[in-house]
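Colleague: I would like to learn how to read a model of this kind, one feature at a time. Please give the general idea before each case.

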Amino acid sequence: MREKVEAALAEVRPALQADGGGVDLIDVKDGVVRVRLTGACGGCPMSTMTLKAGIERILKEKVPGVKRVEAV
Amino acid sequence: MKTISEINERIRKGQAVVVTAEEIIGIVREKGVERAAREIDVVTTGTFGPMCSSGAYFNLGHSAPRIKIGGGKATLNDVPVYTGLAAVDIFLGATAIPDDDPRNKTYPGHFNYGGGHVIEELVAGKDVRLIATAYGTDCYPRKKIETWINLSEMNEATLFDMRNGYQNYNVAVNLSDKTIYTYMGVLKPNLGNANYCSAGQLSPLLNDPLYRTIGIGTRIFLGGGIGYVVWHGTQHNPNVLRGENGVPKRGAGTLAVIGDLKQMKPEWLRGTSMLGYGATLTVGLGIPIPILSEEILRFTAVRDEEIFAPIVDYSEAYPQRKPDILGEVSYAELRSGMIKVMGKEVPTASLSSYYKAREIAGILKTWIQKGEFLLTEPVALLPGVEAGIKFKPLNERPIEKE
């Protein structure tokens, strides 16, 4: 599952990079994906929206079994 | 040089040359203004950011027996709506929040759900809970209704945003020694970060700085569907400091826009929570600019390096309405991720997504290229510098107690 999550995150990254941000995978456990938002995303007021409406939505679509995504 | 009807004829034939406000920059560099203006018909723009003066009005349809919600009270998913209208017309504002939201009692408040979130859920096709109470009349006897309701069941559902697409905006910083929570996001103490909110060279009104083409009746991309500019937005203020290129260096023009919510998409209307500040709606907006002259083409070729925004302290200057600014910075510097304020390196982040703005400009370009989206001739242009609009503060006058 971790490989699939990594592959899906690779698809998300260009969008984040266009806004000066990025995302690193920390771990995947029981369907919960933990990520670290980096660059501009780290201090961005819209990062919750990016996380839920962007990253979580895409991971749920692409990787069966993903329940939610949390930022650490 | 060209007219909108000539451009529309080319769009109908599938011959229009359409580029985005980002692409035009390289084209002008390569071909020059004169040739580019001759060859290009339309430049598309876009922006995607939180826009608080957004909302929607609905006609709910009449229940049996009838209820006069007008003058009563109503909520959608517990979010209060304005009912001071006819029997079943209501208005929902993007920043409205449930009465039982703790607000900033536990500071900073989370504002997890508000009017913007209701709008997003409705557009996503979800049922929402309508609860209304009324005083009852002979012709509208009912006093309470509780029901699920869906966008598809309403007669009209219309997005109406009285101020969108601000032409430039402040860069927010915090000079104090404690974290503050603002509509520009969380600002860390002692110049810990700087937040800005514009798509810069892709932003609609920054590509038409003197309002030569955008006016009342301009057809636009709104929330993933089609909308229209209906008026200048609230706080429209053309008379600000401008550069030699005509581009305002402060918040200036704004747009009031409207569109049928039923053809919009939740991807482009996102309920948004601002920690310690409130709820709002993030709106996708895109405007086509017809290249009617070399001057207009030159405006659309504006680059981030040529657009400047003021840096404002939100711990003191902004809340106290002091005019002080800490400097000016270009959008190229802002987008680099780091700016210098008072000699200190400060990391930047944008509330407005450049990536999504680019996507909007691209979608609009595709619509036009496919002949699905024709341009409209504005029935009136927006008030410009010559209108002499003065931006008024609220000067308080004490109310004498009798």
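Modeller: Helices (H or I, at least four residues) and strands (E, at least two) are DSSP runs, numbered from the N terminus. What follows concerns a predicted model, in which local features need pLDDT of at least 70 and side-chain atom pairs count only at pLDDT 80 or more, while totals for chains, interfaces and linings use all residues. Residues are numbered from 1 along each chain as its sequence is written, and chains are lettered from A and ligands numbered from 1 in the order in which they are written.

Colleague: In which loop of chain B does Tyr211(B) lie?

Modeller: Tyr211(B) is in the loop between strand 14 (194-196) and strand 15 (215-216) of chain B. Its phi is positive, about 55°, although Tyr211(B) is not a glycine.

Colleague: Is Tyr211(B) buried or exposed?

Modeller: The general idea is a count of neighbours: a residue is buried if 20 or more other C-beta atoms lie within 10 Å of its own, exposed if 12 or fewer, and partly exposed in between, with C-beta atoms placed from the backbone. Tyr211(B) counts as buried because it has 22 C-beta neighbours inside 10 Å.

Colleague: What is the phi of Arg321(B), and is Arg321(B) buried or exposed?

Modeller: Arg321(B), also a residue other than glycine, has a positive phi near 55°. Its place is the loop between strand 22 (308-313) and strand 23 (327-330) of chain B. Arg321(B) has 8 C-beta neighbours inside 10 Å, so it counts as exposed.

Colleague: Which residues does the cis peptide bond with omega near -10° join?

Modeller: That bond runs from Ala64(B) to Pro65(B). Pro65(B) sits in the loop between strand 4 (55-59) and strand 5 (73-76) of chain B. A cis peptide bond also joins Tyr107(B) and Pro108(B), with omega about -5°. Pro108(B) belongs to the loop between strand 7 (89-93) and helix 4 (115-123) of chain B.

Colleague: In what order do the four strands of the open sheet in chain B come?

Modeller: For sheets, two strands pair if DSSP finds at least two bridges between them. Here the order is 6-5-8-9, and the pairing is antiparallel. Strand 6 (79-80) and strand 9 (144-149) are the edge strands, each pairing on one side only. Helix 4 of chain B packs on this sheet and touches strand 5, strand 6 and strand 8; its direction makes about 125° with that of strand 8. For such angles, axes are lines fitted to C-alpha atoms, for helices over the stretch in contact, and angles run from 0 to 180 degrees between N-to-C directions.

Colleague: How many bridges join strand 8 to strand 9 of chain B?

Modeller: Six bridges join strand 8 (residues 128-133) to strand 9, and the two run antiparallel. Within this pair, Val128(B) stands opposite Ile149(B) of strand 9.

Colleague: Which residues does Thr133(B) touch, leaving out those up to four places away in sequence?

Modeller: Two residues are in contact if their C-beta atoms, placed from the backbone, lie within 7 Å. By that rule Thr133(B) touches Gly72(B), Lys73(B), Lys143(B) and Lys144(B). Thr133(B) is in strand 8 of chain B and is partly exposed, with 17 other C-beta atoms within 10 Å. The C-alpha atoms of Thr133(B) and Glu146(B) are separated by 8.9 Å, the two residues being 13 apart along the chain.

Colleague: How does the radius of gyration of chain B agree with that of a compact globule?

Modeller: The radius of gyration is taken over C-alpha atoms, and the globule rule is 2.2 Å times the number of residues to the power 0.38. For 402 residues a compact globule would have a value near 21 Å, and the 22 Å of chain B agrees. Chain B has seven helices and 26 strands, and buried residues make up 48% of its 402 residues.

Colleague: How many helices and strands does chain A have?

Modeller: Chain A has two helices and three strands, running α-β-β-α-β from the N terminus. Its radius of gyration is 11 Å, close to the 11 Å that the globule rule gives for 72 residues, so chain A is as compact as a globular protein of that length.
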